[in-house]
Amino acid sequence: VDTHTKDFLTNFSILAQTFDYANPIVDKDDDDSKNLLEFYEHPILLDGHELGCTDAGNEQTPNDPCYDLCTNGGRYCHVSHHLVSGKDVVLEALRRLCIRKHYKSQHVYWQYISHFSQFCWDSDYYANDECVKDAFQHSGVDYQEIETCLQDSGDVTKDVENSLLQGVLQTQVEMGITKSPTIFVNHDRTVLWGGMTPRNVLMTLCETFTYGEKPHVCYACMNCGDPVACAQRSPMKCMEGDGQEKEDPNAHGQGQHDNDNTNHGGKRRSHWGRWLFGILLIGGAAGAFMYYKQQMEGQDGLGSYSLQDAFLSESG
């Protein structure tokens, strides 16, 4: 789906697994109880009742406008985007909620996120059951346990309430989420100057700790130009040139320009990169929650989001 979210989750999953009491230089113990960070994605869903998607319940057909957007008889919806249906996004969000419920280990959760983001993110694999099973296997998650959770919380294929997804809608209202991205650290709304990047999020989280008591990754990598590369080294170490932008001499076809000038009397060609913009599909939590959602105006945090808006978002 959108590459910004994919890149952030893939990179931050490395940092999220380094937040512990232990200094990895002298302590190789992988005791997850030492982890200082509770950071999870948090899905942002559309209330199907507000969209009018619950009127037909499970009697919807593929021709109905809500068919590809919603689960549970139209209750929980998400915009379809980049060939991924909205209901598949809701189902993946529910899988991650089930992993959170049954696996308290941050390492297990972020290993799943990392593998899914790298191998299952594209539309051809997003809803592929074999790709999901592979992500479970690589992260140590029991497939059947999560399948049981999907059913017990409220089967997405039936016209019933899902307890986990219903909790998501309630949290959105309680937290008053009105724009994307909205970030909460220790229950306080936080502004990330410079945008949502692994480095900015890491710096924000590190600054919440008492002086002298930050996790080792903060001292080793917080001020590094590329904290992800720093955190992957053993021992953690920032190297000269980390994060420094390198000029690509062929980025604008300069070599081709020289040939054109020689062979075509100075006629030059210009090449333009293309920017891709998309809706952020999944949000997260740092201390409390980090949310992503399309901006919606309104008093209750859900806003006046219509079914027409959902389809307009498809073309973003």
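Select Cys149: this residue is buried, at a relative accessible area of 4% (buried means under 20% relative accessible area, exposed over 50%, partly exposed in between, with a 1.4 Å probe and protein chains only). Its partner is Cys98, with an S to S distance of 2.1 Å; a disulfide here is a pair of cysteine sulfur atoms within 2.5 Å. Cys98 sits in helix α3 (residues 86-102) and Cys149 in helix α6 (residues 143-152), 51 residues apart. Helices are DSSP runs of H or I with at least four residues, strands are runs of E with at least two, and both are numbered from the N terminus. Cys98 is buried too, at 0%. The link is left-handed, with -85° about the S-S bond.

This is a predicted model: local features need pLDDT of at least 70, side-chain atom pairs count only at pLDDT 80 or more, and totals for chains, interfaces and linings use all residues. Residues are numbered from 1 along each chain as its sequence is written, and side-chain values use heavy atoms, without hydrogens and water.

Next, select Cys206 and Cys218. Their sulfur atoms are 2.0 Å apart, in a disulfide. Cys206 lies in helix α8 (residues 198-206) and Cys218 in helix α9 (residues 216-221), so the bond ties together parts 12 residues apart in sequence. Cys206 is buried at 0%, and Cys218 is buried at 2%.

Now pick Cys224 and Cys238, a disulfide with sulfur atoms 2.2 Å apart. The torsion about this S-S bond is about 80°, so the link is right-handed. Buried or partly exposed: which is Cys238? Cys238 is partly exposed, at 34%, while Cys224 is buried at 1%.

The disulfide count comes to 7.
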